[in-house]
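Here is a short walk through a structure and its ligand. Take a look at the model first, then read on.

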Amino acid sequence: METIIAVVGGTGAEGSGLAARFAKAGVQVRIGSRNLEKAQEAARRIGSQTTGHTNADAVAGAGIVVITVPLSAQVETLKSIRGSIAPGAILVDATVPLEIAIGGRVSRMLTLWDGSAAQQAARLLPGAAVVAAFHALSAEALAKLDHPLDCDALICGDSAEAKAAVVQLAELIPGVRAIDAGPLDNARLLESAAALLISLNLRHKVKESGMRITGLKSGGHL
Ligand SMILES: NC(=O)c1ccc[n+]([C@@H]2O[C@H](COP(=O)([O-])OP(=O)(O)OC[C@H]3O[C@@H](n4cnc5c(N)ncnc54)[C@H](OP(=O)(O)O)[C@@H]3O)[C@@H](O)[C@H]2O)c1
């Protein structure tokens, strides 16, 4: 893949796991952080193909921007980068709106005015191609770089072209099958499925539950 991928909040568990997987597949990755040194340190840990930047610098010129910050920081972070995102860039939102954002439980969802965290992102970035993806890919599993994942990546959005690019990105991760899950309206379903996985992790005392969809023709692509 030629496109530069920026991971905003790429110093965190999910962002650094995704960044490491993309870098391992040969993609040029920029780790974004509120703190330049923190980003550079995270990029050093990943090694080849990866550089560290402030969030705004990371997204400038990137073709795909993946945002992996807690819900409580999503709006503020999007506002901090929206002036720097290249026209035509795709924003991939992986936020799971969990009650823990307001001091509640990690396995409970919050209902957002826009319907989902991804739709909230779309409202904050009018005109951007927002795609919801990666909610079910466990950070713990992503970090085990020598092991393929055992999980489908359900992807939704309103731009077929943007979804196709994110399908291609997701399938760079060994073991991941990307599935087109429809319009951005469906993001609430993807985010809920991630909350279900968190709840299963807690109940079954594991950290890497994932999901596979059966019965689809020709993989998950349309
Ligand atoms: N963990 C998973 O398995 C998983 C799976 C799927 C989706 N997700 C979603 O991905 C997002 C990130 O999850 P995570 O587990 O990677 O979280 P995390 O480890 O806490 O990392 C989040 C990153 O967000 C940045 N951030 C910006 N503003 C923040 C604030 N006010 N408070 C805390 N961090 C802030 C931090 O980067 P800087 O300090 O460098 O700016 C931090 O490294 C969440 O929305 C989560 O629902 C997580």
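**Around the ligand**

The ligand has 20 residues around it, and Thr11, Glu14, Ser33, Lys38 and Val69 come nearest. Keep in mind that this is a predicted model.

What classes of residue make up the shell around the ligand? Nine are nonpolar, eight are polar and three are charged.

Now turn to the oxygen atoms of the ligand. One lies 2.6 Å from an N or O atom in the side chain of Thr11. On its own, the ligand has 880 Å² of accessible area, and the protein covers 74% of that. Where does the ligand sit? Its place is the largest pocket.

Next, the aromatic rings. The structure holds one aromatic pair. Its members are Phe22 and Phe134, with ring centres 6.0 Å apart. Why is the pair called tilted? The ring planes stand at 50°. Planes under 30 degrees apart would count as stacked, and planes over 60 as edge-to-face, so the rest are tilted.

Where do these two residues lie in the chain? Phe22 belongs to helix α1, residues 13-24. Phe134 is in the loop between β6 (129-132) and α6 (139-143). The pair therefore ties together parts that are 112 residues apart in sequence.

Technical notes. Residues are numbered from 1 along each chain as its sequence is written. This is a predicted model: local features need pLDDT of at least 70, side-chain atom pairs count only at pLDDT 80 or more; totals for chains, interfaces and linings use all residues. Side-chain values use heavy atoms; hydrogens and water are left out. A residue is near a molecule or strand if one of its heavy atoms lies within 4 Å of it. A polar contact is a pair of N or O atoms within 3.5 Å; within protein, one must be able to donate a hydrogen and the other to accept it, and residues adjacent in sequence count only if both atoms are side-chain atoms. Accessible areas come from the Shrake-Rupley method with a 1.4 Å probe; for residues, only the protein chains shown count as cover. On a 1 Å grid over the protein atoms alone, a cavity is a set of points where a 1.4 Å probe fits but cannot get out, and a pocket is an open set with protein on both sides within 12 Å along at least five of seven lines; lining residues have an atom within 4 Å of a point. A molecule sits in a cavity or pocket if more than half of its atoms lie within 2 Å of its grid points. Ala, Val, Leu, Ile, Met, Phe, Trp, Tyr, Cys and Pro count as nonpolar, Asp, Glu, Lys and Arg as charged, and the others, Gly among them, as polar. Rings of Phe, Tyr and Trp (its six-membered ring) pair if their centres lie within 6.5 Å; planes under 30 degrees apart count as stacked, over 60 as edge-to-face and the rest as tilted. Helices (H or I, at least four residues) and strands (E, at least two) are DSSP runs, numbered from the N terminus.
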